[in-house]
Amino acid sequence: MNSQPMPAKTTEVINISELDHHFATEVDRRSQADLKRCYQCRTCGNGCPFVEAMDYPPYGVIRLVQFGMRQKALECATIWVCVSCHTCSSQCPNSIDIAAIMDTLRSMALEERAVIGNKEILAFHLEVLHSIERYGRTHKLGIMLRHKLLTGQWFKDVDVGLRMLTKRKLDLVASKVRAMDEINRLFLPYWRVKPR
Amino acid sequence: MNPEESLKFSYYPGCSVATTAAESNHSLMQVCRLLGLDLQELEDWNCCGSSSAYSVDPELGFNLSARNLSLAPGDRPLLVMCPRCLHHLRHTHLEMQQDPRKRRAQERRWGRPISPDLEIVHFLEALIRFGLDRLKKGAARNLNGLKFVPYYGCTLFRPPALRRQKYYQAEVENILTALGGVAVTRTYNQRCCGSFLSAVKPELVTSLVNDIIGSAVAAGADCLVTTCAMCQLNLEVRCTAAKRLPIFHFSEILALALGAKDCQGWFIRHLVNPRPLLKDRGLLGPPRLGQVP
């Protein structure tokens, strides 16, 4: 199984006056996850398939929230690496919905314009949203090409792309929702939508 | 519910099943035709929001799912193939059930009613309602001891927000074992395939996929059968292990057992060619009489 990143011994000082005492309550209210129940058993970190790619294991992020370390929690990579596979919450003895905490932290990071812990993953999500905005559905080829254009990694994964193309798994033309006006409305504030 | 009613569904394919995994869609259609299930695709459906909308703007995801629900007629269950879409649509519906104000707001937004009693079911649920005995009677061939891993991935069972909802654990094995397959379950068959990280962190997903396939090889399986189109793709494209196994969509294997004629067209679209295995097991070509399970 995966090895968990061991937290390095650190002499970092936590300045109590800098802690955000409302942070945990706020995250708890928005995520409905009841994170106060976490007693740091670390089971979530043992089961997580993605823990190697994270800077803090899931229980570490919960600890940051419990301590009120707002900036560290919102700027970590973990919240972006999590794919909501729910392995952690199925193993959590207190059945805390950990993925819901990650969802909430991601939203807060974007709202507060925090430094994004993994820009590439966010860029990918934005490409998917771009596709939904344009077609009402996701167009895989378009998403892949634009993602490559924006990240500049043209030669990464070319073989996979070509194999998918030859198997006709990537449609050239996007399938599109007909009532696009209904989709467009979701991407604009109501007062920007053209009146009937 | 009377049995006639339970065989009518409206159908939400979702983006992957409709495009990248078209073979999954085609084989589902064949299964429904052969079993006499009436599927009516939702008129002008849109993306459920995928992981991305829920990652960056949960409200947008909610609205996208709610539009789909506003398109579903209230008098028949909504059948969904993709576990992620199922999760999002169910979650959205549950939220509107618990808070009628949210439902009314969405009804006003779309100008269409949303039934609070709408049932949202996975394809496996449709098969359970159809009945295993009837399914066995409809089979055209025996799966001849094909050793399969029932690979569920992560989303069909686990979402904690839906923990009081119906789950379908072990249904794939129940059905395919009845049709003559042999289930190999001591594998990583519920481990996450890596989901969208396949596009951004391929090296990470490769190591997960190799673990999953490796566990299937070690357990002596011939192939994996998945209920999720994204898992199917990730398991195929991200595997770098020396020994690869064919990865089937559940509907493909089912259609094959039920005697569908156009299987070859689906199998061509696979990146790991499943035809040698099927030929070896005598599962290609027209079914011979006397082979029924």
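User: How many bridges join strand 1 of chain B to strand 3 of chain B?

Analyst: This is a predicted model, where local features need pLDDT of at least 70, side-chain atom pairs count only at pLDDT 80 or more, and totals for chains, interfaces and linings use all residues. Residues are numbered from 1 along each chain as its sequence is written, chains are lettered from A and ligands numbered from 1 in the order written, and side-chain values use heavy atoms, without hydrogens and water. Strands are DSSP runs (E, at least two residues; helices are H or I, at least four), numbered from the N terminus, and two strands pair if DSSP finds at least two bridges between them. Strand 1 of chain B runs parallel to strand 3 (residues 78-80) of chain B, and the number of bridges joining them is 3.

User: Which residue is the bridge partner of B:Tyr12?

Analyst: The partner lies in strand 3 of chain B. That residue is B:Val80.

User: How many bridges pair strand 1 with strand 2 of chain B?

Analyst: Strand 2 of chain B covers residues 38-41, and its B:Asp38 stands opposite B:Lys8. Strands 1 and 2 of chain B pair in the parallel sense, and the bridge count is 4.

User: How many residues of strand 1 of chain B are buried?

Analyst: Buried means under 20% relative accessible area (1.4 Å probe, protein chains only). Strand 1 of chain B spans residues 8-12 and is mostly covered. Of its 5 residues, the buried number is 4.

Note on methods: Buried < 20%, exposed > 50% of the residue type's maximum accessible area, 1.4 Å probe, protein only.
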